[in-house]
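Work through the exercises below with the structure open beside you.

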Amino acid sequence: MDNEKENNVKHFLDLIQKSRRGKFKIYIGMSAGVGKTFRMLQEANTLLRNGIDVKIGYIETHNRKETQDLLEGLPVIPRRTIFYKGKQLEEMDLQAIINLRPEVVIVDELAHTNIEGSKNEKRWQDVLEILEAGINVISAVNIQHIESLNKNVKLITNIEVQERIPDSVLKLADEVVNIDLTADELITRLKEGKIYTADKIPTALSNFFKSDQILQLRELALKEVASQVVRKVENEVPKNHALKHERFLACISSNDTTAKIVIRKTARLASYYNSKWYVLYVEIPSESSDKIALDKQRHLINNFKLATQLGGEVIKVESKNITDAILDVVKQKQVTTVCIGKPHLSLFKVILSTTIFNKLLHNLSSSNIDLIILS
């Protein structure tokens, strides 16, 4: 009973802390030059005109004229000067922001690593402190700086980005906004000198700013923002008002060829819908580990590995009743679409299995769950 009381108190304290915490908005872009800083400054100007106490905590204009023009008239919190290795460097003044307590502060370059000797190692850690102080923050980051996407970015660009932010920081954001441009628009901006100075343009065009790379980074950015929106809907919209989000369940057997087809096609469907997906293998008594042939066991393990590599979650259950096992997982994981392989059955087996199939079909259709038979 005491534990229950303690949990209730903790839950209430968490709610109080959350309400005191500042709101957090992040602009995401597929690369430098898409206009994240420009958009933040536009927003700051609008907020200021509407009587909101907004201040610039840190902004990086990269000497872009259109960006610098927007900075005119905005109140800027002076940067902190640090002497490091004989050089005079500037850093965001975290304490000054907290002392001044503006309603909204603009903090650029979220993935930035602070100069040695600063209170926090990373700027995102500074932002968390500002939010805890009850100050609202608008910040920006490029897709290549997100921890879980680091390997994908390296595959696309052949560059390993060192400055990264944990995915948990993105999850803390109340709003995540994608600044989207086509590859052609971004390359045009680069050629017009709106991103880098003239001497850096040829190098940029032959390295990072290639059409095919931009397209893939754009896809990553769109998917990331889509997943953040899905998370927000799941957490904040009442279940009876929210649109259902696709969740796929690939049902496989020990038939190696069919299992591979079902796994690959379900992975593609899930990728298209940017959805979670699962692979279910129901181990019936005749296929228990002591009875199943070694080659079948080996193929099963390989298919589980394949599913994991493609981003699926593998579920293995032991049951005499395949239909009931599928329906249990469907309910537990809130699956919207069940994918099965085309049955390779003789007429006699089809007749025998009709009742099983009918039960599955009836239960799924009555729950508005789709069934896809993959050939």
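**Exercise 1. Cysteines**

Decide how far the sulfur of C339 is from the closest cysteine sulfur, and what follows for a bond.

Solution. The closest cysteine sulfur to that of C339 belongs to C251, and the distance is 8.0 Å. A disulfide needs two cysteine sulfur atoms within 2.5 Å. The sulfurs of C339 and C251 are therefore too far apart for a bond. Keep in mind that this is a predicted model. The count of disulfides comes to zero, and C251 is in none.

C339 has a relative accessible area of 0%, so C339 is buried. C251 has a relative accessibility of 11% and therefore also counts as buried, since the cut-off for buried is under 20%.

**Exercise 2. Aromatic pairs**

Find how many aromatic pairs there are, and classify the pair of Y196 and F209 by the angle of the planes.

Solution. The count is two aromatic pairs. In one of them, the ring centres of Y196 and F209 are 6.0 Å apart and the planes stand at 90 degrees, so this pair is edge-to-face. The two residues are 13 residues apart: Y196 is in the loop between α8 and α9, and F209 is in the loop between α9 and α10. Y196 is partly exposed, because its relative accessibility is 28%. F209, at 3%, is buried.

Next take Y281 and F304. Their ring centres are 6.1 Å apart with planes at 55 degrees, so the pair is tilted. Y281 belongs to strand β9 and F304 to helix α12, so the pair ties together parts 23 residues apart in sequence. Both Y281 and F304 are buried.

**Exercise 3. Charges over a ring**

Name the residues whose position over the ring of Y58 is described by a distance from the ring centre.

Solution. Start with R79: its charged end sits over the ring of Y58, 4.0 Å from the centre. Then take R123, which lies over the face of Y58 at 3.8 Å from the ring centre.

**Exercise 4. Strand β6**

Which strands pair with β6, and in what sense?

Solution. Strand β1 pairs with β6 in the parallel sense over six bridges; here I26 stands opposite S139. Strand β5 is joined to β6 by four bridges, and these two also run parallel. In this pairing V104 stands opposite N136. From β5 the chain crosses through helix α5 to β6, and the β-α-β crossover is right-handed. Finally, six of the seven residues of β6 are buried, so the strand is largely enclosed by the rest of the structure.

Notes:
Residues numbered from 1 in each chain as written. Predicted model: local features only at pLDDT ≥ 70, side-chain atom pairs only at ≥ 80, totals over all residues. Heavy atoms only, no water. Phe/Tyr/Trp six-rings, centres within 6.5 Å; stacked < 30°, edge-to-face > 60°. Buried < 20%, exposed > 50% of the residue type's maximum accessible area, 1.4 Å probe, protein only. Lys NZ or Arg CZ within 6 Å of the ring centre and 35° of its normal. Pairing = 2+ DSSP bridges. Right-handed = clockwise from strand over helix to strand, strands pointing away.
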